[in-house]
Amino acid sequence: MSKELIEKIVESVLQGRRNKDDEGIEEGLAGEPGVAELVEEALEAGIDTNDILLNGLSRGMELVGQKYETGEYFIPDMLTAAEAVEAGMAVMEPHLVREGTSGAKGKVVMATVEKDLHDIGKNLVSIMLKGAGFTVIDLGIDVPAARIVEAAEEEGAGLVGLSALLNTTMSNMSDVVKELEEKGLRSQIKVIIGGAPTSEDFAREIGADSYGKDAFAAIREAEKLLNN
Ligand code: B12
């Protein structure tokens, strides 16, 4: 039953249907439950939140990516599916935050780097970090290095989390490390990076402290870096 419901969430992300009134990518499905209703149903059924996030919403988006790569989906379809994932995350967020320990594990500033508009992965990491007990200040997408460093300093954050999904924007991560160094903040503010084109090696190359493959790794690494 739980597997079936998770499959329905995946299917609904692929259809790009935020809720029951939504037509999504293909017409003719309005009236059926969409991502928001299905996530609500899964939460009510007591399905683990991580299961819903990773095997439902995130998995659905991965399949959307594959369909884009094979030419079956186009950019507007990706956007429609992304909106459906967001609708699901909005239903999830209060539940995840309630599960956590109210921000006591430390402060993290999260951002998608300059010129990059992808935020699904970053949002997922942000809400899972909140759920795990961190305070998260999410600066959004397309954020210049200077603004990230300014926010981290002002907020007294111990960790900056950077996301990039494009080969052309991942180099902007190194600007953040450089800016922290220039401002003499590097020893007190740690940096973790993530996003599909990045890697452990790339993190080392640009002088970041850590790399997280997914949201679980992000939590594990954040706990290590902030000494939890
Ligand atoms: C959805 C999507 C879009 C949406 C984004 C909507 C949104 N609100 O995010 C839209 C339509 C806007 C878009 C636009 C573009 N996109 Co796009 N997009 C995707 C797609 C299909 C899915 C990305 C996604 O959400 N994945 C699901 C999430 C959950 O996974 P994730 O982001 O990897 O995050 C996980 C981990 O990486 C990690 N993580 C992520 N961030 C962080 C941060 C930290 C600190 C840590 C620890 C971990 C971590 O944890 C997350 C959870 O497990 C990918 C294809 C793919 N296979 O990835 C292409 C893709 C990323 N896009 C691509 C391209 C080329 C573009 C465009 C240039 C297309 C165009 N010609 O206009 C534009 C660029 C816009 C811009 N300036 O950014 C390419 C990038 C190629 C490359 N390597 O450079 C991809 C790979 C598609 C492809 N195969 O061509 N895109």
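Trainee: Which residues have the most contacts inside the largest nonpolar core?

Mentor: In this predicted model, the largest nonpolar core has 48 residues. Elements giving two or more residues to this core are H1, H2 (35–44), H3 (49–69), H4 (75–99), S1, H5 and H9. Those with the most contacts inside the core are Val39, Ile52, Leu53, Leu57 and Leu129.

Trainee: Which element gives the largest share of this core, and how many residues is that?

Mentor: Helix H4 (75–99) is among the elements that give two or more residues to the core. The largest share comes from H4, and that share is eight residues.

Trainee: Which residues of H1 are buried?

Mentor: Helix H1 covers residues 2–15 and reaches 20 Å from its first C-alpha to its last, close to the 20 Å expected. Residues three or four places apart in an α-helix point the same way, because there are 3.6 residues a turn. The buried residues of H1 are Leu5, Ile6, Ile9, Val10, Ser12, Val13 and Leu14.

Trainee: In the open sheet of five strands, which strands stand at the edges?

Mentor: The order of the sheet is S2-S1-S3-S4-S5, with parallel pairing. Two strands have a single partner strand each, so one side of each is left without a neighbour in the sheet. These edge strands are S2 (135–138) and S5 (210–211).

Trainee: What angle does the direction of H5 make with that of S1?

Mentor: S1 and S2 pair in the parallel sense over four bridges, and Val108 stands opposite Val136 in S2. H5 packs on the sheet and touches S1, S2 and S3 (159–163). The direction of H5 makes with that of S1 an angle of about 170°.

Trainee: What is the relative accessible area of Lys115?

Mentor: Most residues other than glycine have a negative phi. Lys115, in the loop between S1 and H5, has a positive phi near 70°. Lys115 is exposed, because its relative accessible area, against a cut-off of over 50%, is 63%.

Trainee: Is Asp142 buried, partly exposed or exposed?

Mentor: Asp142 lies in the loop between S2 and H6 (145–155), and its phi is positive, about 50°, although it is not a glycine. With a relative accessible area of 36%, Asp142 is partly exposed.

How values were computed:
Residues numbered from 1 in each chain as written. Predicted model: local features only at pLDDT ≥ 70, side-chain atom pairs only at ≥ 80, totals over all residues. Heavy atoms only, no water. Expected span 1.5 Å × (residues − 1). Buried < 20%, exposed > 50% of the residue type's maximum accessible area, 1.4 Å probe, protein only. Pairing = 2+ DSSP bridges. Contact = heavy atoms within 4.5 Å. Axes fitted to C-alpha atoms, helices over the stretch in contact; angles between N-to-C directions. Core = buried A, V, L, I, M, F, W, Y, C linked by side-chain atoms within 4.5 Å.
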